[in-house]
Each structure stands twice: as structure tokens, then as C-alpha cells.
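I begin with one residue and its surroundings, and then widen the view.

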Amino acid sequence: MTEAERISGDATEPRGEDEAAPAADGKAVADADTADPAGRASAGDKAAEAGDGASEEAARGPRRIGVLLGVAALVYALDLVTKLIVVAQLEPDNRSVEVVGDLLRFQVVRNAGAAFGIGESMTVIFTLIAVIVIGVIARLARKLYSLPWAIALGLLLGGPLGNLTDRLFRSPGFFEGHVVDFIAPEHFAVFNLADSAIVCGGILIVILSFRGLDPDGTIHRG
């Protein structure tokens, strides 16, 4: 082999390698593009759904669990404190205090039934109902974005908790305790602040339902 032929051969060999490299790279890119189109589409759909969920949650605002718990705690505290005061001040002597003449008095009455003295022979049943109501409200709280619903459910949570405390810890025994009622309007049943909260929360829920507002903040028209 002459020197010229050797030099010519050395020059042509790298050129063949360089030409083969782009072809291999192109094949790899093509394989990557056609590897799993379904997987890429699925990932894209999931990302779009996640984005839609995040934007929908942002539009509804923050969850209102804090408002619900705050209202419930306020109702419970007021109910507990007022019962402790009237039991200590009025019950020993069976006294009554005129608030608005004969139209409204404070007088302690032990109630074995539900709100306003209903069903006095069903103490245990009403205790179980209160526990169920609290559980239902706890489930609703996970999707609670509406402020009015948070207030309503807070009233419905604080009220049963107040009366449930009486049923658990007051005489005559556990789960059969009599609720302390002391607000006595003329010609009306004696009740307490927990009863008032339950009634107000129920009325508010009826109003919200008629207006088409759901706990998650959506509004139904029609």
C-alpha cells in the first residue's frame, strides 16, 4: 500500500462513523417519541385535573372549619358557664329571677327530655341522637367552604355538645343525666342557650337550603 492510499483510507474511515452517529441519534429520538403516547396522555390528563381542582378550590376560598369550631366553642362555653351560674345561685333555694317582669324569668328546671322538655322518657335515645349529629357535622366539615354554613353547623355542634355534657355528667347517671334549663318565658317551655343555638342553626340551614347554597360553596339556581 502506498503512502497516498494509506492517507486516503484514514481520511474516509472517521467520515463513516460520523455519518452513522446522526442516524443512530435520530432513531433513538423517534423511539422515545413513539414509546408510550398513552402514558404521556394519561399524565397530561392527571395534571389538567389537578390544575382544575386547585383552581376550583382557590375560587371557593379556604375551608371554614375554623369558623365552625369557633362558633361551636363559643356556644358551648356560654351554655356551660350560664348553667353553672344558675345552678349555684338559683337551684339551692329553688329561686327565680325576674328578667322582664312576668314575661321572662330565670328558674332552674331539670329536663330529662330533648329541647323544650320534649320526650322526657327518652333520655338515652336523645343522647345517642346528639352523638350521631356531632358525627355527621364532623363529616360535613371536610368539604365546608361556605361561611353561613360554617356558622349554622357551629351552632348545631355547640348546642348538642352542651346538652350532651349534662347527659353524661349530671345526675341521675351517665348517659341519663338531666339537662339544666333555666330560661322561662311566660306560657312557653323552659329552655337553655344550647337549645336556642340548635333552633337557630336549624332555621339558618333551612334558609340556606331554600336559597340553593351548599356547604361546599356551590349555588344551585332553579
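1. Leaving aside its neighbours within four places in sequence, with which residues is valine 87 in contact? Taking contact as heavy atoms within 4.5 Å, valine 87 meets Pro92, Val108, Arg110, Arg170 and Val180. Valine 87 belongs to helix α3 and is buried, with a relative accessible area of 18%, where buried means under 20% relative accessible area, exposed over 50% and partly exposed in between (1.4 Å probe, protein chains only). The C-alpha atoms of valine 87 and valine 180 are separated by 8.0 Å, although the two residues are 93 residues apart along the chain.

2. On provenance, this is a predicted model, in which local features need pLDDT of at least 70 and side-chain atom pairs count only at pLDDT 80 or more, while totals for chains, interfaces and linings use all residues. Residues are numbered from 1 along each chain as its sequence is written, and side-chain values use heavy atoms, with hydrogens and water left out.

3. Confidence should be read with pLDDT understood as the predictor's confidence in each residue, from 0 to 100. The chain averages a pLDDT of 78, and 66% of the residues score at least 70. Among the elements of the chain, helix α1 (residues 3-34) has the lowest mean pLDDT, 49, whereas α3 has the highest, 96. Over residues 16-24 the pLDDT stays under 50, and for this stretch the model has zero contacts beyond four places in sequence. Helices (H or I, at least four residues) and strands (E, at least two) are DSSP runs, numbered from the N terminus.

4. Helix α3 (residues 65-89) packs with helix α5 (residues 147-169) at an angle of about 35 degrees, their axes being 7 Å apart; axes are lines fitted to C-alpha atoms, for helices over the stretch in contact, and angles run from 0 to 180 degrees between N-to-C directions. The residues of this contact divide into 13 nonpolar, six polar and three charged, counting Ala, Val, Leu, Ile, Met, Phe, Trp, Tyr, Cys and Pro as nonpolar, Asp, Glu, Lys and Arg as charged, and the others, Gly among them, as polar.

5. Glycine 158 is placed in helix α5 and is buried, with a relative accessible area of 0%. Not counting residues up to four places away in sequence, glycine 158 touches Ala72, Val75 and Tyr76. Between the C-alpha atoms of glycine 158 and glycine 201, which are 43 residues apart along the chain, the separation is 9.9 Å.

6. Three strands form an open sheet in the order β1-β2-β3, with antiparallel pairing, where two strands pair if DSSP finds at least two bridges between them. The edges are taken by β1 (96-100) and β3 (179-185), each with a single partner strand, so one side of each is left without a neighbour in the sheet. Neighbouring strands of this sheet are turned by 35 degrees against each other on average, direction ignored. Helix α3 packs on the sheet, touching β2 and β3, and its direction makes about 80 degrees with that of β3.

7. Within the sheet, four bridges join β1 to β2 (residues 104-111), and serine 96 stands opposite glutamine 107 in β2. Strands β2 and β3 pair over six bridges, with alanine 184 in β3 as the bridge partner of arginine 105.
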